[in-house]
Each structure stands twice: as C-alpha cells, then as structure tokens.
Amino acid sequence: MSADKKKDLLDEADRLREEGRPEEARKRLLALTAEYPGDAEVAYRTAWIHDVLGLESEAVPYYERALADEELATEDRRGALLGLGSTYRILGRYGQSVETLRRGMEEFPDDGALRTFLAMALFNTGEHDEAMRLLLELTASTSQDPYVQRYRRAIEHYAKDLHETV
C-alpha cells in the first residue's frame, strides 16, 4: 500500500470519528494496524480511538508501540505521552502514569495539559504538595483572570511551599 493510500485511510478514520462514528473508525484503524504493524502514526491513531471508545486497556499497547518509534511526529508524540499517561492513571497504574507524564513534561515543558494530568496522577500517588504546586504555577502563568494576575507573584511564591508560615 502506498503512503498516499495510508494517509487517505487515516484521514477517513479521522472523518468517521469526527462524524460520531468511532466504532467504524476503530475497525478501519485495526485493519490498517494489521497492514502496518510497525507504523507509529497508525499505532497512535489506533490508541486514540480506543481511548475515545472507553477501551483504555486496549489502547495501552498501541500507545507504547507509537512511543517506541523515534519517527513519531512531534505533535503525535506529545499526544501519545499525554494519552498514555492519562490512560495509565484511569487504569489505576499511577506510578506508570507519573513516570510517563514526567517524561512528557521533560520533552514538552510548556505543555499545560501535561502538567495538569501529571498533577492528577501525583494526587493519586499521594504527592499532594507537588500536585498543588504544579496547578498553582499553571494557574498563575496562564490565567487571564485579572484578580489572579494581580496576585500572580504571591501565588507563585506560595506555590513553592504551601506549608511555609511566619
């Protein structure tokens, strides 16, 4: 199968998902995966559709396969790290979730979604101080709320150690 044909089939699966027909998209992607078992982009899209359908445990091996390939496009890699980390968390695999999301933060330090999902996973592992710090720093740096911005420096200062008193 040519690269153009593969792209057309991936585009068709995306269209089906966007039209609210994710099960049909899943069938197309599984067939494409059988034809391209080592293709990172196909694996990523297949993982994603399983997540969309609530089939998280089935999504994991596809995410792992996609991330094992150095050729995965940057934005797909970002999405796969977030997707796998989030999927591990929802499956109760909190340690793997934290590890995956930390790796994502190392590669994409400005990604607020990765920080947010890492904070959730840290909450699940009992690392509440770090989870709260991440969320407070994210709020201070991204909020458009004028009142948050008025107190941004204080929020950033207190985020470093919420236990600090005078």
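Which buried residue has no salt bridge, and how far away is the nearest side chain of opposite charge? That one is settled in the first close-up below. A quick note before the views: this is a predicted model, where local features need pLDDT of at least 70 and side-chain atom pairs count only at pLDDT 80 or more, while totals for chains, interfaces and linings use all residues. Residues are numbered from 1 along each chain as its sequence is written, and side-chain values use heavy atoms, with hydrogens and water left out.

**View 1. Asp76, a buried charge without a salt bridge.** Asp76 sits in helix H5 (helices are DSSP runs of H or I with at least four residues, strands are E runs of at least two, and both are numbered from the N terminus). It is the answer to the opening question: Asp76 is buried but has no salt bridge, and Arg45, the nearest side chain of opposite charge, is 5.2 Å away. Here, buried means under 20% relative accessible area, exposed over 50% and partly exposed in between, with a 1.4 Å probe and protein chains only. A salt bridge needs a side-chain nitrogen of Lys or Arg within 4 Å of a carboxyl oxygen of Asp or Glu. For charge, Lys and Arg count as positive and Asp and Glu as negative, with His and the chain ends not counted. Leaving aside neighbours within four places in sequence, Asp76 is in contact (heavy atoms within 4.5 Å) with Glu41 and Tyr44.

**View 2. Tyr44 and Tyr63, a tilted aromatic pair.** The structure holds one aromatic pair, and here it is: Tyr44 and Tyr63, 6.4 Å centre to centre with 50 degrees between the planes. Rings of Phe, Tyr and Trp (its six-membered ring) pair if their centres lie within 6.5 Å; planes under 30 degrees apart are stacked, over 60 edge-to-face, and the rest tilted. Tyr44 lies in helix H3 and Tyr63 in helix H4, so the pair ties together parts 19 residues apart in sequence. Tyr44 is buried at a relative accessible area of 11%, and Tyr63 is buried too, at 2%.

View 3. Not counting residues up to four places away in sequence, Tyr63 touches Tyr44, Ala47, Trp48, Asp51, Ala80, Gly83, Leu84 and Thr87.

**View 4. Helix H6 and its cover.** H6 (residues 94–107) has 14 residues and reaches 20 Å from its first C-alpha to its last, close to the expected 20 Å (1.5 Å times one less than its number of residues). Its buried residues are Ser97, Val98, Thr100, Leu101, Gly104 and Met105. What covers them includes H5 (74–90), H7 (112–124) and H8 (128–142).

**View 5. Thr33 in helix H2.** Thr33 belongs to H2 (residues 22–35) and is buried, with a relative accessible area of 8%. Not counting residues up to four places away in sequence, Thr33 touches Val42, Thr46, Tyr62 and Arg65.
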